[in-house]
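Thanks for making time this morning. I would like to walk you through one model, so please have the sequence and the structure open while I talk.

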Amino acid sequence: MSSTFEDLEVWKRGCRLAVSVYELLADCRDFGLKDQMQRSAVSVPSNIAEGYERTPKDFIRFLIISKGSCAELRTQLYIATRINLVTTQQSESLIDETKQISRMLQALVSNRQQQLTKQ
């Protein structure tokens, strides 16, 4: 088990994802969608960190919230592409990253649930 949330690869990738979203939207003038996308992106690593500092059961709950934020951001990326806020090429790599992070979060949830049932 990691000694801090900073050791978790999924947290590191979540932070990189948030930075990528901020960079992508730096010049965006659609402040509503921009704000929502940035909030979703920041929510991914933030919930991992917050949950890690709580009880094991709470950690699982926060990982699930983080997974939901990945899905929310993915949806917003699809919308941003359709309204030509970002290009398909720009969104594809971020959409792929949200899917990979979501799989990592699910694996961590499953692992932590197994650990809880063994106790």
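This is a predicted model: local features need pLDDT of at least 70, side-chain atom pairs count only at pLDDT 80 or more; totals for chains, interfaces and linings use all residues.

If you ask what kinds of residues form the contact of H3 with H4, they divide into 16 nonpolar, eight polar and five charged.

Now let me step back along the chain to the other pair. Helix H2, residues 31-52, packs against helix H3, residues 56-82, at an angle of about 160°, and their axes are 8 Å apart. That angle makes H2 roughly antiparallel to H3. The crossing of H2 and H3 is left-handed, and the residues of this contact divide into 15 nonpolar, eight polar and two charged.

I would also like to point out one residue in H4, namely Ser91. Is Ser91 buried or exposed? Its relative accessibility is 2%, and because buried means under 20%, Ser91 counts as buried. Leaving aside residues up to four places away in sequence, Ser91 touches Leu77, Thr81 and Val86.

With those details in place, we can turn to the protein as a whole. The protein has four helices and zero strands, and read from the N terminus on, its elements run α-α-α-α. The radius of gyration of the protein is 15 Å, close to the 14 Å that the globule rule gives for 119 residues, so the protein is as compact as a globular protein of that length. For the outline, the C-alpha atoms fill a box of roughly 50 × 20 × 20 Å, taken along the principal axes.

Two further values describe the interior and the contacts. Of the 119 residues in the protein, buried residues make up 42%. If we take the contacts between residues at least 6 apart in sequence, 69% of them join residues at least 24 apart.

Note on methods
Residues are numbered from 1 along each chain as its sequence is written. Side-chain values use heavy atoms; hydrogens and water are left out. Axes are lines fitted to C-alpha atoms, for helices over the stretch in contact, and angles run from 0 to 180 degrees between N-to-C directions. Helices (H or I, at least four residues) and strands (E, at least two) are DSSP runs, numbered from the N terminus. Angles under 35 degrees count as roughly parallel, over 145 as roughly antiparallel, 65 to 115 as roughly perpendicular and the rest as oblique. A crossing is left-handed if the near helix is turned anticlockwise from the far one by less than a right angle, and right-handed if clockwise. Ala, Val, Leu, Ile, Met, Phe, Trp, Tyr, Cys and Pro count as nonpolar, Asp, Glu, Lys and Arg as charged, and the others, Gly among them, as polar. The radius of gyration is taken over C-alpha atoms; the globule rule is 2.2 Å times the number of residues to the power 0.38. Buried means under 20% relative accessible area, exposed over 50%, partly exposed in between (1.4 Å probe, protein chains only). Contact means heavy atoms within 4.5 Å.
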